[in-house]
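The chain and its model come first, and my notes follow.

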Amino acid sequence: MEIFGLVVGSVWDLVFGYLIPFIFVLAIVIFVHEMGHFLVGRWCGVGVDAFSIGFGPEMFGWTDRQGTRWKVSVIPLGGYVKFTGDLNVSSAPDPDELSQMDEATRSLSFHHKSVGRRAMIVAAGPAANFILAILIFAGLAYFNGKQVLEPRVEAVVEGSAAEAAGFAPDDLILSIDGREVVGFSDLQRIVSSSAGDDLVFEVERDGDIDTLLVTPVRTEQETAFGRHRIGMIGLQAVNDPQAVRHITYGPLESLGHGVSETYFVIDRTVDYLGKLVTGRESADQLSGPIRIAKVSGDVATLGGILGLISLTALLSVSIGFINLFPVPMLDGGHLMYYAIEAARGRPLSDQAQEIGFRVGLALVLMLMLFVTWNDIINLSA
């Protein structure tokens, strides 16, 4: 009975501690992404055959008065909108169906719309993800404000990069690379994601403004969400309750904060990918569904519903950005095709597009296998 209780407890923890938070976060992000495609598609007069959260066999669903099948499918790792004229869920054209369409159906066909309208429909998915992230970040700022610790230096670690750069106790950090530093957490966030980069600090010291150049040292650190390599310079924050203040945001300030936070995530992602291509970063930091599920559970435990909402914003930015990669199967691949079509005055041949979709599918599957392997290695380490 004791073993049975342990098994039941483990299954309970897995389902309610990790799977449900993971599905909750992912379902919101996927729904918003696909709703972006759907709404702009309907606005452009395109027929919608199916709207699915998840892939594979349908678990449940319904058909609306316009003939769209709304459904939830078995594999919750994505979703799709299937427009009239699509061969499959990746919106590849169906040549046979397109050639046999009557005039009424042709008017609803995605592939018979102008290249500009098709591009708008495709771009609407990532755009919806960015809008969701901006609204979440803005909402959190507006309703909760922000607790910040004054970005003043208590001490400089001996032998650190900060000491070599000339930092001193009581320095007040004003900006880093031109970005305003409001609280010590801003400093930590910028430094941790800038290992190996030269950072220009503007500090206030004894009433004067000084400029210091420092390069964060790459350091492995165990966190609540696994082992990560981050940048560190060796500054200690002040330990004074009087140095903590609460910032409130008005509506416009909140929106600006949302845009700023979304831009920061994209900027750091581009920076990481650039380092990955040039060999300055390792691909073992890439995460897949297993680690996202673990992080979702950990965030739900440590940060509650607000933590999950913040994670939803981060994941929404990431999915929107990744979908813009120029890889067939992804939205960016479709946009690449449409750019070529606009430049040539005619689309690529059906054969060329089919080859592209096959290559894109292979790349996406290889990436999924790679990040899943990364997850397994990191979780077992």
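Which residue forms a salt bridge with Asp-64, and how far apart are the closest N and O atoms? I found that the partner is Arg-42, with the closest N and O atoms 3.9 Å apart. The pair links distant parts of the chain, since Asp-64 sits in the loop between β1 (48–63) and β2 (69–83) while Arg-42 belongs to helix α1 (residues 2–43), 22 residues apart. I noted Arg-42 as partly exposed, at a relative accessible area of 30%.

Confidence was my next entry, as this is a predicted model. The protein chain averages a pLDDT of 83, and 81% of the residues score at least 70. Helix α4 (residues 115–144) has the highest confidence, at a mean of 95, and helix α2 (residues 95–99) the lowest, at 69. Over residues 4–12 pLDDT stays under 50, and there the model has one contact beyond four places in sequence.

I then turned to Asp-170 and Arg-152, whose side chains meet in a salt bridge at 3.5 Å, N to O. Asp-170 lies in the loop between α5 (161–165) and β5 (172–176) and Arg-152 in the loop between β3 (146–149) and β4 (153–156), so the pair ties together parts 18 residues apart in sequence. Asp-170 counts as partly exposed at 47% relative accessibility, whereas Arg-152 is buried at 19%.

Lastly, I recorded that the structure holds 13 salt bridges, and that Arg-179, Asp-267, Arg-268 and Asp-271 are linked in a network of them.

Notes
Residues numbered from 1 in each chain as written. Predicted model: local features only at pLDDT ≥ 70, side-chain atom pairs only at ≥ 80, totals over all residues. Heavy atoms only, no water. pLDDT = per-residue confidence, 0-100. Helix = DSSP H or I, 4+ residues; strand = E, 2+ residues; numbered from the N terminus. Contact = heavy atoms within 4.5 Å. Salt bridge = Lys/Arg side-chain N within 4 Å of Asp/Glu carboxyl O. Buried < 20%, exposed > 50% of the residue type's maximum accessible area, 1.4 Å probe, protein only.
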